[in-house]
Amino acid sequence: MSVYELQRGRVPLLISLPHVGTDIPPALADRLVPRALASEDTDWHLARLYRPLAEALGASLIVARYSRYVVDLNRPPDDQPLYPGASGGTGLVPTRFFSSEPLYRDGAEPDAAAIAERRDAYWRPYHDALAAELQRLHAEHGRALLFDGHSIRSELPWLFDGQLPALNLGTADGASCDPAITRRLGAVLAAQTAYSQVVNGRFKGGYITRHYGQPGQGVHAVQLEMCQRCYMDEARDPREAYDEAAAARVAPLIEQLLTELLAC
């Protein structure tokens, strides 16, 4: 079974959802602490939120199947830190929850060979498919646009202080896309008052945004890290916390961002 689902669209936009997967292979499950089997640090329900938007706009959509506890698709293959010097954080193959406790049973942490095996089995196929779809879009349209969608709990003291803004747009400090894209998407966020927002704040874009965003070659990438309070009840079990009313309020703003990106 594939490690991802790819829906090909008709416009030059690809939406990537690398952290929505929840599957954990049985052999790995035996090495994890029982709590990890719930994949609590998933970007919960984002496919449910983004899929109708992708279909309405004719955008391509790539969705991960496996949990980020298996391998983190938004980390570089050499496992270099995305935010050097920042407190907390997780690597290519995470060994801790976002709350800092160990993911693995004592002595069961993956060694270098296991990490390399997971990179080849899970990380590489997703990136091969993502790169190929961007190449297809560029060949057909003369440009390719990548929107990397993420979500996170509003407060995670091990990773950051205080409460995050609701919407965190990242363009690698402007390096992953044409400067006009950062300005125009930032203006969309600034024009509304329902959600707090920031551009290139704590989350500037992960490996996917930084690696694939090559504006000089006609490939422009942005990341949206959205707090889960925008579309979920964070006090509930995340598997059952999708809030239809809240999702219906934030979806038009996300659609506006996607539409503005297509117009750039």
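# Exercises on a predicted chain

Buried residues (under 20% relative accessible area with a 1.4 Å probe, protein chains only; exposed is over 50%, partly exposed in between) make up 53% of the 264 residues in the chain. The model is predicted, so local features need pLDDT of at least 70, side-chain atom pairs count only at pLDDT 80 or more, and totals for chains, interfaces and linings use all residues. Residues are numbered from 1 along each chain as its sequence is written, and side-chain values use heavy atoms, with hydrogens and water left out.

## Exercise 1: the fold

Task: State how many helices and strands the chain has, and give their order.

Solution. Start with the count: six helices and seven strands. Helices (H or I, at least four residues) and strands (E, at least two) are DSSP runs, numbered from the N terminus. Next, read the order from the N terminus: β-β-α-α-β-α-β-β-α-β-α-β-α. Then check the packing. The radius of gyration is 18 Å, close to the 18 Å of the globule rule for 264 residues, so the chain is as compact as a globular protein of that length. That radius is taken over C-alpha atoms, and the rule is 2.2 Å times the number of residues to the power 0.38. Last, take the span: the C-alpha trace covers about 50 × 40 × 35 Å along its principal axes.

## Exercise 2: confidence

Task: Find where confidence is lowest and where it is highest among the elements.

Solution. Begin with the whole chain. Its pLDDT (the predictor's confidence in each residue, from 0 to 100) averages 96, and 97% of the residues score at least 70. Now go to the elements. Helix 1 (residues 26-29) is lowest, with a mean of 94. Strand 2 (residues 13-17) is highest, at 99.

## Exercise 3: glutamine 223

Task: Decide whether glutamine 223 is buried or exposed, and list what it touches.

Solution. First, locate the residue: glutamine 223 sits in strand 7 (residues 219-227). Its relative accessibility is 2%, so it counts as buried. Now look for contacts (heavy atoms within 4.5 Å). Leaving out residues up to four places away in sequence, glutamine 223 touches Asn74, Asp148, His150, Asn168, Leu169, Gly170, Phe203, Gly205, Gly206 and Thr209. Finally, take a distance. Leucine 159 is 64 residues from glutamine 223 in sequence and 18 Å away in space, C-alpha to C-alpha.

## Exercise 4: a loop residue

Task: Describe the setting of glutamate 234.

Solution. Locate glutamate 234 in the loop between strand 7 and helix 6. With a relative accessible area of 31%, glutamate 234 is partly exposed. Not counting residues up to four places away in sequence, glutamate 234 touches Ile152, Arg153, Ser154, Cys227, Gln228 and Arg229.
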